[in-house]
Amino acid sequence: MDIRYNCSLLQHNTFGMDVSCACFVSYGSAEELAGFFSAGRQFSLPKPFLHIGRGSNLLFTGDFPGTVFHSDIRFVRELPGKDGKVRIEVGAGTAWDDVCGWCAGHGLWGTENLSGIPGETGAAAVQNIGAYGVEFKDIVSGVCCFDAVTCSLKTIRKDDCHYGYRDSVFKQSAKGRYVVTSVILELSPDAGPVLDYGHVRAAVDKRMQEMPETTLSPGLVRSVILDIRNSKLPDPSETGNAGSFFKNPVVPRSSFGRVENYARSKYGPEYVVPHYDAGSGFVKIPAAWLIEQCGWKGYSAGNAGVYAKQPLVLVNLTGKARPEEIIALEKKITASVLDIFGITLIPEVEHI
Ligand SMILES: Cc1cc2nc3c(=O)[nH]c(=O)nc-3n(C[C@H](O)[C@H](O)[C@H](O)COP(=O)(O)OP(=O)(O)OC[C@H]3O[C@@H](n4cnc5c(N)ncnc54)[C@H](O)[C@@H]3O)c2cc1C
């Protein structure tokens, strides 16, 4: 175990918050972590405990008074296949996009639409990351964990992970109990592209027309997805951010009526507010649309701002934004959406 005290977290969060923690612990294997806890060595560390990955879904709201754990478990290895599927085990500290690159390089379908999502593999299992019609739950079969309650290593079957939209048991009833140490993915060597989301199919077709010698492959889809993402989202290594800051609100149809009335009075009676049926009389509205209607797109205040190409992303414009500046902007946006539409936005980014 590598234990360091009074550590900067600047390199451990993509928002670029210049905060610190009382203690930072990194480890290189599941056995090392289990041995540390079994020996009771955690009792001497500052509390509370927090396990992070790359910090790409976090907003540190100030210095963290406790111990931050981080996994340096990095590997990708093939396991015996099953039912025509190729199974791989991936260490929790492996950068997620490296896994997507590995799979594409081996001609395996499954991860390509999730290419370019920042962060590490352990967090991908916690978050149930998703993009372009694919979610982590579609390719995972088991999650290997250290159980801090029983001080033992165990594998949790996919069904017991209770995956939902950007949600899992690791974020709900078992939050803080399990540390993900590796994941088991099931991938297919046979063509199985998911292209019917947004403009993916059109972009893939265009690429194949431009390069007639290319065949449809996981590598091709990965490359198209990376291009789409790069054209829309800020690169955290250039502009600090944590991706989508707010969740897309799911509201009753009655609340949606207020949104429609607002939009029709502004754009005319034919205007259709973007929305998706969420079942049981509920509707999901893109938070980006609501925020844009309130005039926030491209807004800046001091060091903090709203990304000009995607208003769902709050950015550390200068690299010097303090947590208070991001939170002040968050509050202003939330208040205006509530005022105009009567909808309360919930942050997607976890505030620490
Ligand atoms: C530019 C940008 C684009 C993004 N696009 C997408 C997208 O398309 N789709 C999407 O789903 N997300 C997206 N995200 C959000 C983010 O990348 C994902 O949520 C990612 O999975 C977070 O990984 P991380 O390693 O940074 O985790 P962190 O942010 O460090 O942690 C996330 C959560 O996981 C927990 N955790 C981390 N590691 C472990 C572990 N080993 N064991 C147990 N708990 C752990 C943490 O405690 C925390 O609760 C984007 C973010 C950015 C900055």
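Two residues are taken to be in contact if their C-beta atoms, placed from the backbone, lie within 7 Å. On this criterion, 12 residues of domain 1 are in contact with 15 residues of domain 2 in the predicted model. On the side of domain 1 that touches domain 2, the element giving the most residues is helix 1 (residues 30–38), with five. This side of domain 1 consists, by class, of four nonpolar, seven polar and one charged residues. The bounds come from the domain assignment of the chain, which places domain 1 at 2–71, domain 2 at 76–232 and domain 3 at 240–351. The centres of domain 1 and domain 2, taken over C-alpha atoms, are separated by 25 Å.

The ligand has 33 residues around it, of which G53, G119, G122, A123 and G243 come nearest. Two or more residues of this shell are given by each of strand 3 (49–52), helix 3 (121–127), strand 8 (130–131), strand 12 (178–187) and strand 13 (240–244). Helix 3 gives the most, with five residues. In terms of residue class, the shell around the ligand comprises 16 nonpolar, 13 polar and four charged residues.

Strand 12, one of the elements that give two or more residues to the shell, is mostly covered, and nine of its 10 residues are buried. Strand 7 (residues 85–91) runs antiparallel to strand 12 and is joined to it by six bridges. Strand 10 (residues 140–147) also pairs with strand 12 in the antiparallel sense, in this case over seven bridges. Residue I184 of strand 12 takes part in both pairings: E89 stands opposite I184, and G142 likewise stands opposite I184.

Strand 13, which also contributes to the ligand shell, is joined to strand 19 by three bridges, and the two strands run antiparallel. Within this pairing, S244 has V313 of strand 19 as its bridge partner. Strand 18 and strand 19 form a hairpin, with six residues between them. Along strand 19 (residues 313–316), V313 and V315 point one way, whereas L314 and N316 point the other way; all of these residues are buried.

A further open sheet is formed by three strands in the order 14-16-15, with antiparallel pairing. Strand 14 (250–252) and strand 15 (276–279) each have a single partner strand and stand at the edges, so one side of each is left without a neighbour in the sheet. Neighbouring strands of this sheet are turned against each other by 40° on average, direction ignored. The antiparallel pairing of strand 14 with strand 16 (residues 282–284) extends over three bridges, and V250 stands opposite K284 of strand 16. Helix 6 (residues 253–267) packs on the sheet and touches strand 14 and strand 16. The direction of helix 6 makes about 100° with that of strand 14.

Definitions and conventions:
Residues numbered from 1 in each chain as written. Predicted model: local features only at pLDDT ≥ 70, side-chain atom pairs only at ≥ 80, totals over all residues. Near = placed C-beta within 6 Å. Helix = DSSP H or I, 4+ residues; strand = E, 2+ residues; numbered from the N terminus. Nonpolar A, V, L, I, M, F, W, Y, C, P; charged D, E, K, R; others polar. Buried ≥ 20, exposed ≤ 12 C-beta atoms within 10 Å, placed from the backbone. Pairing = 2+ DSSP bridges. Domains from an automatic or database assignment. Axes fitted to C-alpha atoms, helices over the stretch in contact; angles between N-to-C directions.
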